[in-house]
Amino acid sequence: MEIGIDSFAARFSNTTGEPVDNKAAMSELLARMEHADKVGLDIFGIGEHHRKDFLDSAPALILAAAAAITKRIRLTSAVTVLSATDPVRAFQSFATLDLISQGRAEMVVGRGSFIDAFPLFGLDLDDYDALFTEKLELLLKIRNNEFVNWSGKFRPALVNQPVYPRPLQNPFPVWLGVGGTPQSFIRAGELGLPLMVAVIGGQTKQFRPLVDLYRQAGKAAGHSPEQLKVGLHSLGYVANTTQDAIEGFYPGYAEGMTKIGKERGWPPMTRARFEAQVGVDGALVVGNPEEVAEKILHHSDALGGISRFTFQMDSAALPHEKLMEAIELIGTRVSPLVNKVK
């Protein structure tokens, strides 16, 4: 199983509780990406948001900077908000990244968990699904064809138009990032795209029926089981002891989830709700290395097998030093435990 990190380039608090300035935050993020490569992690993903709390509005640029200072780790978006971008430019950016990284780039495309990009780029929320469907079709057409013939509603047609540069990898890896919409799982299966499931709350096992829909749709469309890979993106954190992990993660997590909850109509995060999420079936993957490895394998079994797991630690506003320690533990202890020969 591939193990990695997803980051939203959050402006983490420092030891005094004040936000880190943008220059320092970006420098520290790149240091974490370089460290993840050195300790043997497989994946590092950068999200896409358009709000003050995060510095990831241009993820391909961050990934390109990381490509220059890493050697083997795969670099991906997490996710590219495809609804709000031109598929031609998105493909060109990531094809360029693939050349810079010598074949280590990927895209995870999705509709995003925030809607900030819609007013920013003059898009209509009523077109939420139609935009994504059309742009995904065009992206895959560009991936599979050097010369593109295509027409749609939201973009001028392409008539035998070449798109350059071409990436090193062929086909270039494109995953579909999904939340909890059944049609999104079915769409990924029908297209034969690997699936990245974001589970940030509740019980991970509740997503099994949706993952089954994905596999059934993929099989019906004639795609091989090997092609229908499933990844899991979860909020998590690793420390040397369970107590250190919980006490380090909870304060920032509770504050962040309560803040987001006000936007989305969720109740405030409580210690009791947090502890339920840290339990065996809960979505949070927080604990010491042995506990975390066991929980990843438990989640994999619950979903019928996964091939990739990524930690999202930005939600807890942990300082850079703690994140570096967590990355070290994930690479040197968690990943070997998950992938040990039985």
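1. R271 counts as partly exposed at 30% relative accessibility, where partly exposed lies between buried (under 20% relative accessible area) and exposed (over 50%), with a 1.4 Å probe and protein chains only. E275, at a relative accessible area of 46%, is partly exposed as well. The two side chains meet in a salt bridge of 3.0 Å, N to O, a term that requires a side-chain nitrogen of Lys or Arg within 4 Å of a carboxyl oxygen of Asp or Glu. R271 and E275 are 4 residues apart in helix α9 (residues 271–278), and are therefore separated by about one helical turn.

2. The model is predicted, so that local features need pLDDT of at least 70 and side-chain atom pairs count only at pLDDT 80 or more, whereas totals for chains, interfaces and linings use all residues. Residues are numbered from 1 along each chain as its sequence is written, and side-chain values use heavy atoms, leaving out hydrogens and water.

3. In helix α7 (residues 208–220), D212 and R208 are likewise 4 residues apart, and their closest N and O atoms lie 2.9 Å from each other in a salt bridge. D212 is partly exposed at 25%, and R208 is partly exposed at 31% relative accessibility.

4. A further salt bridge joins R72 and D42, with the closest N and O atoms 3.6 Å apart. This pair links distant parts of the chain, 30 residues apart, with R72 in the loop between α2 (59–67) and β3 (74–77) and D42 in the loop between α1 (22–38) and β2 (43–46). D42 is buried at 19%, whereas R72 is partly exposed at 43%.

Key:
Helices (H or I, at least four residues) and strands (E, at least two) are DSSP runs, numbered from the N terminus.
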